[in-house]
Amino acid sequence: MKSGYKKILLIVVLLWQVLLLAGCDYDASEQPAQQAPVPFYNRDSRGRADTIGKLGTQSISIPAGVIDGWARYMGDPGDFADPKIKARYQRPPESYDLPIESFGFQYRITDGDIYTSFRKTEEDYRRDNETLIPYGKPFPWAGVIIYGEYDAATPLNFNFTVQNEFKLAKEITHFDYIQQEQPLYGLTVYRANNGIDPKTGEPWKWDDNAKDIFIKKDQTGNIKTYIKCEFTHHIDSCDHMFYNDDWHIRVWIGYSRTYLPQWQEMENNIIKILDSWRVTGEGKLLGKQIGKA
């Protein structure tokens, strides 16, 4: 009987020691992670918080209601990523140093304003969609996407892109891009097969592979602006891209070819818009935000 009691007592002592050791391990290594401090958010007249982060080299606060969709941060899973990866992903806490990969918004070419929900520009955008697009009239809004560039090894120019475009045209469609003698709106112009459809011997009327190409170089000879305009199904549109060295960003703009003469004004105004969203590392605005509701 005494022997059985001693065995039970020994087991209880051993279990107690195991529990003590487990408790020590928890205290040493399993303390709850300290919560990251909640950043200050600028808000609009409706109390909606801005989207914050670092775009290229600058901390920014994007007014609520401006972004078309959502902002993507560096490291976020892609739209078509495995759902399991998306479910496991945990984005780092928001801050004014969290790198933004990309975001988009609508820019009005005619006056340099931008679309913001719960602002008059929302009504304007809807009206223009209903009264201009169905009748084939020029649409004064441009879609804009901003991309932060963070790879120091990637050049901020379109030198390779343009040369590759010419190379593919030669290999796939079997015609050359010919530089035109006269610039247009301050841009160097290249036309597919010198602007002539080889099947008809007349100027191109429709061919998705025969876009007009416009470029602008900086003083060192690097291509900083690259525009492709096409005639497709009676819609004349342009895809316009440019780099900004100060911000370390690449910008894409899509718009009706009617507004090509204003290409430089668009570039300048988009940078002005971004400048108006700049903040300190603590979120203090450095100017009046364009597009704030």
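Asparagine 157 touches Asn222, Ile223 and Tyr243 when residues up to four places away in sequence are not counted, and this residue sits in the loop between β5 (141–148) and α4 (159–173). The model described here is predicted, with an average pLDDT of 87 for the protein and a score of at least 70 for 86% of the residues. Over residues 5–33, however, the pLDDT is below 50, and this stretch has 3 contacts in the model beyond near neighbours in sequence. Where pLDDT is low, the predicted coordinates should not be read in detail.

- With a relative accessible area of 15%, asparagine 157 counts as buried, because the cut-off for a buried residue is under 20%.
- The side chain of asparagine 157 also reaches the backbone nitrogen of asparagine 159, at 3.1 Å.

**Helix α4**

- Helix α4 is made up of 15 residues and reaches 21 Å from its first C-alpha to its last, which is close to the 21 Å expected at 1.5 Å a residue.
- Val162, Phe166 and Ala169 are the buried residues of α4, and seen down the axis of the helix they fall within an arc of 60°, so they line one face of α4.
- Phe160, Gln163 and Ile172, by contrast, are exposed on the other side of α4.
- After α4 comes histidine 174, whose phi is positive, near 60°.

**Nonpolar cores**

- The largest nonpolar core contains 38 residues, and those with the most contacts inside it are Phe103, Phe105, Ile146, Tyr255 and Trp277.
- Two or more residues of this core come from each of the elements β2 (58–62), β4 (100–108), β5, β11 (223–232), β12 (235–244), β13 (249–256) and α5 (263–276), and α5 gives the most, with 6 residues.
- Apart from this core lies another, of 17 residues, among them Phe166, Tyr190, Ala210 and Ile215; Phe166 is also one of the buried residues of α4.

**Surroundings of tryptophan 277**

- Tryptophan 277, one of the residues with the most contacts inside the largest core, is in contact with Ser59, Ile60, Ser61, Ile62, Pro63 and Val66, among others, once its neighbours within four places in sequence are left aside.
- The contacts of tryptophan 277 also include Phe103, Phe105, Ile114, Gln289 and Ile290, and of these Phe103 and Phe105 are themselves among the residues with the most contacts inside the largest core.

Key:
Residues numbered from 1 in each chain as written. Predicted model: local features only at pLDDT ≥ 70, side-chain atom pairs only at ≥ 80, totals over all residues. Heavy atoms only, no water. pLDDT = per-residue confidence, 0-100. Contact = heavy atoms within 4.5 Å. Helix = DSSP H or I, 4+ residues; strand = E, 2+ residues; numbered from the N terminus. Buried < 20%, exposed > 50% of the residue type's maximum accessible area, 1.4 Å probe, protein only. Polar contact = N/O pair within 3.5 Å; in protein donor to acceptor, adjacent residues only side chain to side chain. Core = buried A, V, L, I, M, F, W, Y, C linked by side-chain atoms within 4.5 Å. Expected span 1.5 Å × (residues − 1). Arc of directions from axis to C-beta.
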